[in-house]
Amino acid sequence: MARAPVLPPFECAYQGRLLAGVDEVGRGPLIGAVVTAAVILDPDRPIPGLADSKKLTEKKRNALYDQIIEHATVWSLGRCEAHEIDQINIYQATMIAMERAVAGLGVAPEYVLVDGNKCPKWHWPSEPVVKGDSRVAAISAASILAKVTRDREMEEMELKYPGFGLAKHKGYPTPVHLEALFRLGATPEHRKSFRPVQEAIEQVGFFKSPGPLIEEPLHYATDLFENND
């Protein structure tokens, strides 16, 4: 299997101090918000070790999270909740959440770099950067803030809705999550516009507190793992 080509370091035409990096976490999960972050780093207070949040250990992410909060010039979080995602779809929700993150910055950016291949339709000068979370420090910082924030929310949600394993899989459609969804029903935090959640609601309804474990076969639709992209 051929390896994906290594992209070169990104060179931005803007060389000022008010460069914001933006990234998102949570487009794929079946539950919870899509979370975004915007970060303007301080060139005088560099943070060693910034990288794509998905490639870092949880311990390293948490350590970098604290450093970003302390050393960045300014940072902000944005989000769209599950009910908003259901109303406008996950792509539009992600764009809105990114805009909310940038709008929340206490210092207005002069230029914005967005991870991916598209920018929201906003008034800030900006450009997308493919694999930007591995190529641009400010985007790496944003990816870390967004991921740590959402991961912690999933850990808290596991306490509210026990039995789904949210603290481990973070809401992604793993076999463990799907089995629990079709056994326990959908919670109010699940994204009802996502097909597995729709099917779970049709079959078992909404979440009820889990009772004693009963040893019996589990039945759910076999096409839940089909790729719908």
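# Group meeting: a walk through a predicted fold

Hi everyone, let's start with a pair of side chains: Arg79 and Glu153 meet in a salt bridge, 2.7 Å from N to O. By salt bridge I mean a side-chain nitrogen of Lys or Arg within 4 Å of a carboxyl oxygen of Asp or Glu. This pair links distant parts of the chain, with Arg79 in strand β3 and Glu153 in helix α5, 74 residues apart. Arg79 counts as partly exposed because its relative accessibility is 27%, and Glu153 is partly exposed too, at 21%. For those words, buried is under 20% relative accessible area, exposed is over 50%, and partly exposed is in between, with a 1.4 Å probe and protein chains only.

Before going on, a word on the model: it is predicted, local features need pLDDT of at least 70, side-chain atom pairs count only at pLDDT 80 or more, and totals for chains, interfaces and linings use all residues. Residues are numbered from 1 along each chain as its sequence is written, and side-chain values use heavy atoms, with hydrogens and water left out.

Now the overall layout. The protein chain has 8 helices and 5 strands, in the order β-β-α-β-α-α-β-β-α-α-α-α-α along the sequence. Both kinds of element are DSSP runs numbered from the N terminus: helices are H or I with at least four residues, strands are E with at least two. Of the 229 residues in the protein chain, 47% are buried. Contact here means heavy atoms within 4.5 Å, and of the contacts in the protein chain with a separation of 6 or more, 62% come from residues 24 or more positions apart.

So what is in the middle? In soluble globular proteins, nonpolar side chains tend to be buried together. I use nonpolar core for a set of buried Ala, Val, Leu, Ile, Met, Phe, Trp, Tyr and Cys residues joined through side-chain atoms within 4.5 Å. The largest one here has 28 residues, and Val39, Leu41, Leu50, Ile68, Leu113 and Ile144 have the most contacts inside it. At least two residues of this core come from each of β1 (19-25), β2 (34-40), α1, β4 (111-115) and α5. Helix α5 gives the most, with 8 residues. Take Ile144: leaving aside neighbours within four places in sequence, its contacts include Leu50, Leu56, Leu64, Tyr65 and Ile68. Apart from this core lies another, of 23 residues, among them Ile90, Ala97, Phe194 and Phe207.

Let's stay with α5 for a moment. Buried residues account for 17 of its 24. Its end C-alpha atoms are 35 Å apart, which agrees with the 34 Å that residues 137-160 should span at 1.5 Å a residue; the expected span is 1.5 Å times one less than the number of residues.

Ile31 is buried, because its relative accessible area is 0%. Beyond its neighbours within four places in sequence, Ile31 touches residues including Arg150, Met154, Leu166, His177 and Arg191. Gly171 is 140 residues from Ile31 in sequence, yet their C-alpha atoms are 5.5 Å apart.

Back to charges. The whole structure has 11 salt bridges. In one of them, Lys54 and Asp133 come to 3.3 Å, N to O. That pair joins the loop between β2 and α1, where Lys54 sits, to Asp133 in helix α4 (residues 132-135), 79 residues apart. Exposed or buried, what is Lys54? Lys54 is exposed, because its relative accessibility is 60%, whereas Asp133 is buried at 4%. In helix α8 (residues 195-204), Glu199 and Arg195 lie 4 residues apart, about one turn, and their closest N and O atoms are 3.0 Å apart in a salt bridge. Glu199 is buried at 16%; Arg195 is partly exposed at 22%. Finally, salt bridges link Arg17, Asp42 and Asp44 in a network.
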